[in-house]
Amino acid sequence: MIGKFITVEGTDGAGKSTQIKLLVEYLQNKGFDVVVTREPGGTSISEKIREIILDVDNSEMSDITEALLYAASRAQHISQKIKPAVAAGKIVICDRFVDSSVAYQGYARGLKMSLIEDVNRYAVDDMTPDVTLFFDIKPEIGIARKKNVQSLDRIEKETLDFHYKVYNGYKELLRKYPQRIKRIDAQKDVEEVHAQVVEVLKQIL
Ligand code: TYD
């Protein structure tokens, strides 16, 4: 069996985690071998890099350092976990991937897009997602959801203006890659969002 690589994207608080759990249950009930992972993170080295990136005390971190750390975390994740799992026929579901770097470090931080694309080309080693689910929710709604359940990390603490740049960046990506990126209306209730996710998955499995 050929494995699949599915990525899940969106602004902070879009409800990705809840929907990933439901999707995993759905796929496992159908008998698929599923691996769930996240970025930044997914391996012990990548999780250590994650701590550095999201630490609220690291306010002096430069934008370029941030972009390179995300890419470094990704390079390890791809080679150690994602590539081998897909090669073994598994369905890998990854919470965030390169599109996050394009939206956050490219569109929102304003780093040169060619820089983001170049470093990530090395990091991903030819692994392109088979499908990407973009959870579309107004940034202020997402941030309000997050504030209710946990303390905010370094990225989540950014201004609403920043989160709108991220959001508009995702919209650009959606226009650029209509074949790969599928929009999910994440403002609907949990069951309705899940139904949209299943619809997209049926097309690739
Ligand atoms: P996380 O707690 O996983 O956020 P969420 O639950 O919203 O996915 O933290 C990851 C944060 O890192 C999130 O704010 C998005 C940001 N990010 C980037 O800026 N660039 C990237 O390449 C990735 C993978 C994440």
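**Note on pockets, cavity and packing**

1. The largest pocket has a volume of about 630 Å³. A pocket is taken on a 1 Å grid over the protein atoms alone, as an open set of points with protein on both sides within 12 Å along at least five of seven lines; a cavity is a set where a 1.4 Å probe fits but cannot get out, and lining residues have an atom within 4 Å of a point. Volumes are the space filled by probe spheres set on the points, which are joined across faces, edges and corners. The model is predicted: local features need pLDDT of at least 70, side-chain atom pairs count only at pLDDT 80 or more, and totals for chains, interfaces and linings use all residues. Side-chain values use heavy atoms, without hydrogens and water, and residues are numbered from 1 along each chain as its sequence is written.

2. Of the 33 residues lining the largest pocket, K16, R50, D95, R96 and K146 are the closest to its centre. Helix α1 gives the largest share of this lining, 6 residues. By class, the lining comprises 10 nonpolar, 11 polar and 12 charged residues. Here Ala, Val, Leu, Ile, Met, Phe, Trp, Tyr, Cys and Pro count as nonpolar, Asp, Glu, Lys and Arg as charged, and the others, Gly among them, as polar.

3. The second largest pocket holds about 400 Å³ of space. Its lining has 16 residues, with V98, V124, T128, Y177 and R180 nearest the centre. The largest share, 4 residues, is contributed by α5. The lining divides into 8 nonpolar, 2 polar and 6 charged residues.

4. One cavity of 30 Å³ or more is present, and the largest cavity contains about 30 Å³. E9, D99, T132, F134, Y170, L173 and I181 line the largest cavity. Two or more of its lining residues come from each of β4 (131-136) and α7 (160-176).

5. Helices α3 (residues 63-87) and α4 (residues 98-108) pack at about 175°, with axes 11 Å apart. The two helices are therefore roughly antiparallel (an angle over 145 degrees). In the contact (heavy atoms within 4.5 Å), E66, A67, Y70 and R74 of α3 meet V98, S101 and Q105 of α4. These residues divide into 3 nonpolar, 2 polar and 2 charged.

Terms used: Axes fitted to C-alpha atoms, helices over the stretch in contact; angles between N-to-C directions. Parallel < 35°, antiparallel > 145°, perpendicular 65-115°, else oblique.
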